[in-house]
Amino acid sequence: MQTTHRYALPSPDPDAIEGLVARLWAAGTLGVEQRPDELVAWFPKPVDTVPEGGVWSIEEPQDWLALWKAGLEAVRVGDVVVAPTWVEDVPEAEHVIRLDPGQAFGTGSHATTRLCLLELQRLDVAGRRVADIGTGTGVLAIAAAKLGASEVVGVDIDPEAIAAARQNALANEVADLHLAVGSSGDLAGGPFDVLLANLLTDTLVALAPELAALTAGTIVASGIAVERAERVVTAFREVGLVVRARADDDGWAVLVASRA
Ligand code: SAH
């Protein structure tokens, strides 16, 4: 196991975080963690292409994958329990989703996924057509199918996410999900009754016109840091969408919007 190099940027400006994270990925980070007072990134060796103002330190070798896996537990959100495939102790629930995340995002442990799962259950998706943009592990798409959606389409720009989502859909016996590499612009068959979009503020702002064109009902949007929520509200308003509800969890917001 290798030594990793830790780079911590203290107190980043909330408006700058998405840009900093993009630069850390471009600099070759192994992973980024956004903490309340710092942004931390890990590297195989120190690099000078990171944003300025941070502090390097060395971390002793650890089996990161084993640690990460051991840290993941079953998560309950309303009537849905999301559990990694290797977890044995799974609480009973009306709907249980078993996930092997692989490299994809969406284990249920992140606040944005939980917020979306909760809103999804508040909406009555039975018999509705649902599209999930940025499906990651497929967690929200699988949940929508289990909650009785008549048709579920999921897209993600990351081919690895789609590969993981396909596996997870099969493992959860919701094999009739339509999963494809792409984004909102690639979604045929719209408009949809429910659009799920757990992306990031900048992405939601950029995609707002497409999201508006694709919706015949409700949009559930998250991946929004609370300080930046107003930006998405404004971008949605400009394309004729009204935010009807908002909920926050752990510094993240979910917005529920529909046509004005
Ligand atoms: N829906 C899952 C995963 C959300 S993470 C959940 O709620 O837990 C966000 C996902 O969006 C990532 O898998 C990322 O690859 C994807 N993504 C980022 N930008 C995108 C875009 N413009 N269009 C489609 N997918 C995108």
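**A sheet and a ligand site**

In this predicted model, A221 stands opposite L255 in β14, where a strand is a DSSP run of E with at least two residues, numbered like the helices from the N terminus. The local features described here need pLDDT of at least 70, side-chain atom pairs count only at pLDDT 80 or more, and totals for chains, interfaces and linings use all residues. Residues are numbered from 1 along each chain as its sequence is written, and side-chain values use heavy atoms, with hydrogens and water left out.

Strand β12 (residues 215–225) and strand β14 (residues 252–259) run antiparallel and are joined by six bridges; two strands pair if DSSP finds at least two bridges between them. They belong to an open sheet of seven strands with mixed pairing, in the order β10-β9-β8-β11-β12-β14-β13.

Turning to the ligand, 16 residues surround it, and the closest are T113, G134, D156, S183 and N198; a residue counts here if one of its heavy atoms lies within 4 Å. A polar side-chain atom of S183 lies 2.7 Å from a nitrogen atom of the ligand, while a polar backbone atom of G134 is 2.9 Å from a ligand nitrogen atom.

Notes:
Helices (H or I, at least four residues) and strands (E, at least two) are DSSP runs, numbered from the N terminus. A polar contact is a pair of N or O atoms within 3.5 Å; within protein, one must be able to donate a hydrogen and the other to accept it, and residues adjacent in sequence count only if both atoms are side-chain atoms.
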